[in-house]
Every structure is written in structure tokens, then in C-alpha cells.
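Have the model open alongside as you read.

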Amino acid sequence: MSNSFVVAALLLAPALAAPAPAPQVSEPASFGPDSQVSASVQPSTSGYRVEYLENGYSSATYHGPYTGMATTTGAAQGPTTLAASIPTLPPNPTATYYNSEGVPLNPMPAPYTPAGGLGTNGSLPRYMVESDFDFESIALGLYQEWIELDLFHDGLARFSDEEFDAAGLGAEARSLIEFMADQETGHSTLLTNMLGERAPKQCIYDYPYTTVREWIDFMQRVTRFGESGVWGFINHLDSREVGQLLAQSIATEARQQQIFRQMSGLTPMDVWFENGWPQSWAWTMLAPYISYCPENTTRLAWQNFPTLHIQNNANINRYSPNDTAQDGSENQGNRIADPSVSNITGSCEQLNTTGYGCGPAVAHNKSEPLSFPGKKILFQWDAPGQAVGPNNSYVTATTAGQPKFVGWSQQLNLTYSPLTVTGNNSGYTYQPEGYVYGTDGIINGTMAVMLTDLDLYVTPFNTSMLNPHIVALGLYQAG
């Protein structure tokens with residue numbers, strides 16, 4: 001087999017056996033330390049059943065909680081753990097390049113080719129993970145792609161055409177969502193191929209939505225942590241080749257998130273820079289919605305933090321978001337990324353008034369924002385030790401001390417505000433004010449918030465250094 005054919009076999013990897021949310025995947029026929037991906041693939045014969053609905057869409061036959069007993073608990077472990085945390089070190093001593101001349105300073109290896117760069121020496125690319133870090137990161141990405149494949153299909157099958165029409169999403173919008181579901185077929189195939197034979201399989205999921213709007217809202221939250229969870233690790237991967245293909249996948253996810261925001265009546269672009277999250281943040285967001293996984297599914301090594309509940313998280317369906325209840329009752333459930341309740345008095349869904357309506361649209365301006373600097377934010381948080389995730393087999397954990405600060409992770413910043421504790425696992429803070437550049441406020445969009453025991457200074461490339469200090473993690477709807 002020629003080298004060019006091997007690379008093409010990966011980039012043009014076959015689709016899954018069927019564009020349905022059942023755990024089916026076309027798997028490469030052979031793997032090994034030096035393999036790319038075999039050009040011959042066979043569909044898996046195992047998987048959960050799929051049913052086809054009268055509206056022509058398909059979905060898994062069951063969505064709901066896990067009802068069994070976990071036979072394995074905890075995150076995946078290596079042979080040993082070398083330290084309790086990663087120490088803070090000075091800058092890399094080789095990171096000294098500075099160009100004050102504005103022209104190439106070093107000999108060029110070839111015409112029109114400035115010196116430097118990684119993977120630029122002519123070596124044939126190998127599109128496989130190259131370390132435990134790579135494997136665990138891409139495996140997390142595959143768990144994410146699998147749920148999106150199921151989730152995007154499920155709402156199409158669950159709700160009638162009349163319900164979609166009432167939510168302002170006609171046949172063309174449904175066709176777009178179906179196309180995005182089909183995109184996940186390609187994404188899951190790609191990540192499976194880069195992992196090899198122990199790539200995680202698709203699971204059964206437990207969703208919180210009851211209406212079309214809640215489904216759309218939930219998807220804009222899921223794609224938020226799916227996208228940010230990749231931006232946080234992609235430039236730390238040992239395999240630059242894997243990072244290249246992953247970037248081409250996650251750029252599509254970013255478009256999905258923007259479209260779901262538009263369908264939710266939110267502004268499609270609310271920040272100047274997207275935010276990157278450590279893997280454990282994304283896994284904490286994702287795991288509560290996975291109920292069953294097939295036997296011997298590959299487990300993940302990432303941490304599950306306790307949930308931070310935002311009691312007055314703005315309801316995106318209100319024409320006056322500041323009227324959102326203060327007791328958490330306008331979240332459709334008690335999990336970390338549950339959508340806003342849509343069946344409310346004071347809904348903006350059918351309101352055709354500039355500044356207040358929130359039906360599907362290219363863009364909306366809001367006369368009353370979902371959040372603002374100085375807003376009092378009410379919190380409750382779970383204690384560690386709760387069973388979450390596939391087969392209730394992961395356990396929430398924290399190594400932090402008592403919570404003292406609220407961390408706000410958005411754009412290029414991680415900003416802190418003081419936490420006032422008011423009772424047993426409850427407290428409040430005030431949304432801070434600040435700017436990235438110019439008029440770009442530091443807090444907007446769908447973003448991560450956390451309680452910490454220390455206001456540790458971190459930047460976008462080392463945000464994971466904060467993990468040992470996180471008490472609980474939540475998802476904030478700022479705009």
C-alpha cells in the first residue's frame with residue numbers, strides 16, 4: 001500500500017454503518033505501533049437497538065438513568081502516580097526567540113520556508129495518538145462525539161413536526177440539524193481511527209429536555225463544553241498530526257454551537273475569543289448525561305468535580321431574565337448543564353418585539369441582558385463522593401480546601417471574585433467587571449464557573465494548574 005493511499009484512507013475514512021445514534025462504528029481492521037489505518041473496514045455488529053419513528057427520524061430505543069450497580073468505580077489509573085500535583089516551574093529556558101528585525105533571522109531550509117515549526121522536516125505524518133495524554137484526551141473527545149451523534153438525532157425523532165413549527169424551526173432548520181448529526185458520524189469515525197482498537201464505543205444517554213426549545217438550549221450547552229474542552233488540550237498533544245485533524249473537526253463544532261445559539265434566540269457571537277478548558281472540566285460536564293456503556297468500554301482518567309449549582313442562572317426563555325427564580329427551579333433538572341425551563345409565564349419565545357423576543361433568528365439584541373457586572377449570583381454545591389457517569393461508575397472528587405473564591409473562565413482570562421459562604425454548601429458572589437481588550441467584556445456567553453480555595457494566577461495555556469484547587473464546577477449562562 002503506498003504512503004499516499006494510507007494517508008488518504010484516514011482522511012476519507014468510511015462513514016458509520018448507519019447515521020443513527022446507536023453505538024455502531026466502522027472500525028479499522030488492524031492497528032499497531034506503526035499502522036496508519038487499514039483501508040478495509042467492517043461495521044460493528046454489536047450495539048444498542050435503534051427505532052425508526054413515523055416522522056422518518058431514528059433514535060435509540062431507551063434514554064434514561066442507569067438502574068444497575070456499578071462493578072468498577074473511579075477514574076482510570078496508571079501503574080503509579082508520581083506526585084500529588086504538577087509543580088509550577090519558571091518559563092521554558094529555550095523560549096527566547098524575539099524578532100526585532102521583521103525578517104527571517106536564521107537560514108531557510110528550503111525556498112519560501114522560514115526556519116522552525118514542528119512536523120516540517122518532511123517526515124511522513126502518522127495520524128495516531130503518541131502518549132497516554134493523547135489517548136485519554138482523544139478518548140474524551142470521542143465520548144463527546146458519541147453523545148452529540150445520539151443527541152442531535154434524538155430530538156428530531158422525539159418531537160413532532162408541529163412541535164418544531166411551533167418553536168419556529170421549520171423543515172429546513174430540521175434538515176440542518178440532521179446534517180449536523182451526520183457530521184458527528186464523520187467525527188466519531190475520525191477519532192476512533194486515531195485511537196485504535198480500544199476506542200470507546202457509543203453509550204446510552206439520559207437527557208433533561210421536555211420541549212424543542214429545551215433540546216436546542218441543551219445542545220448549545222453541550223457543544224459549548226465540547227468545543228472548549230478541545231481548545232484546552234489541543235496544543236498540548238504530543239501528536240501534531242492528531243491535533244491537525246482534531247482542529248479541523250472542532251472548527252465544525254464551533255459552527256454547531258453558534259447555530260444552536262441562534263436557534264435558541266441568543267446572539268450567535270458574544271465574545272472576541274473562545275475559551276479553552278482542561279479535560280476534567282469537560283468530563284465533569286459530560287459524564288452526568290451518560291447512563292449505560294457497553295461492557296469493557298474504555299474508561300477515562302480525568303477527574304469528575306462536584307457540581308456547582310447556580311440557583312439564579314438566567315432563564316434564556318424569559319423576556320425579562322432578571323425575573324428568573326432564585327431557587328434553581330428554572331433549571332430543567334439538577335445536573336450541571338441542564339437547560340432553562342421553557343414552559344413559563346413571561347416567555348419571550350413568541351414575542352415579536354425588538355430587544356425582548358427570543359425566537360430563532362440570525363441575531364437578537366437584548367434590552368435586558370441575561371447577566372451584568374454586579375449581579376448577585378447564588379450558589380449551592382455538592383459534596384464530593386457522588387456516583388456519576390457511565391453505569392454510575394465514576395466518583396466526584398476534589399483535593400481543594402474550603403472554598404474562598406469564584407473563578408470565571410472566559411475568553412483569555414480567568415477572573416476571580418470573593419465568595420461569601422452563607423450556609424452548608426451555599427453562598428454567593430457578585431459578577432465581576434472587566435475587559436479583555438477595548439469594549440470586550442470578560443464575561444459573556446455560556447461559560448465555566450468554579451469555586452476555588454485559592455485565586456491562583458493561570459493563563460490559557462496552563463489552566464489545568466487550577467484543578468487541584470477547584471471545589472466545585474458549574475456552567476453559567478452569562479449571555
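Helix 2 and helix 5 each give at least two residues to the lining of the largest cavity. Sorted by class, that's five nonpolar, four polar and no charged residues. Ala, Val, Leu, Ile, Met, Phe, Trp, Tyr, Cys and Pro count as nonpolar, Asp, Glu, Lys and Arg as charged, and the others, Gly among them, as polar.

Before going on, note that this is a predicted model, where local features need pLDDT of at least 70 and side-chain atom pairs count only at pLDDT 80 or more, while totals for chains, interfaces and linings use all residues. Residues are numbered from 1 along each chain as its sequence is written, and side-chain values use heavy atoms, with hydrogens and water left out.

Cavities and pockets are found on a 1 Å grid over the protein atoms alone: a cavity is a set of points where a 1.4 Å probe fits but cannot get out, a pocket is an open set with protein on both sides within 12 Å along at least five of seven lines, and lining residues have an atom within 4 Å of a point. Points are joined across faces, edges and corners, and a volume is the space filled by probe spheres set on them. The count comes to four cavities of 30 Å³ or more.

| Space | Volume | Lining by class |
|---|---|---|
| Largest cavity | about 50 Å³ | five nonpolar, four polar, no charged |
| Largest pocket | about 2000 Å³ | 24 nonpolar, 21 polar, two charged |
| Second largest pocket | about 410 Å³ | 12 nonpolar, 11 polar, five charged |

Now for the packing. The largest nonpolar core has 77 residues, and Ile 138, Tyr 143, Leu 151, Trp 215, Trp 281 and Trp 283 have the most contacts inside it. Such a core is a set of buried Ala, Val, Leu, Ile, Met, Phe, Trp, Tyr and Cys residues joined through side-chain atoms within 4.5 Å, where buried means under 20% relative accessible area (1.4 Å probe, protein chains only). Helix 2 turns up again with the largest share of this core, 13 residues. A second, separate core of 19 residues includes Ile 377, Trp 381, Val 406 and Ala 478.

Take Ile 138 as an example. Neighbours within four places in sequence aside, Ile 138 is in contact (heavy atoms within 4.5 Å) with Val 129, Leu 191, Leu 195, Phe 233, Leu 237, Val 242 and Leu 246.

Overall, the protein has seven helices and 16 strands, and 52% of its 479 residues count as buried.

Technical notes
Buried means under 20% relative accessible area, exposed over 50%, partly exposed in between (1.4 Å probe, protein chains only). Helices (H or I, at least four residues) and strands (E, at least two) are DSSP runs, numbered from the N terminus.
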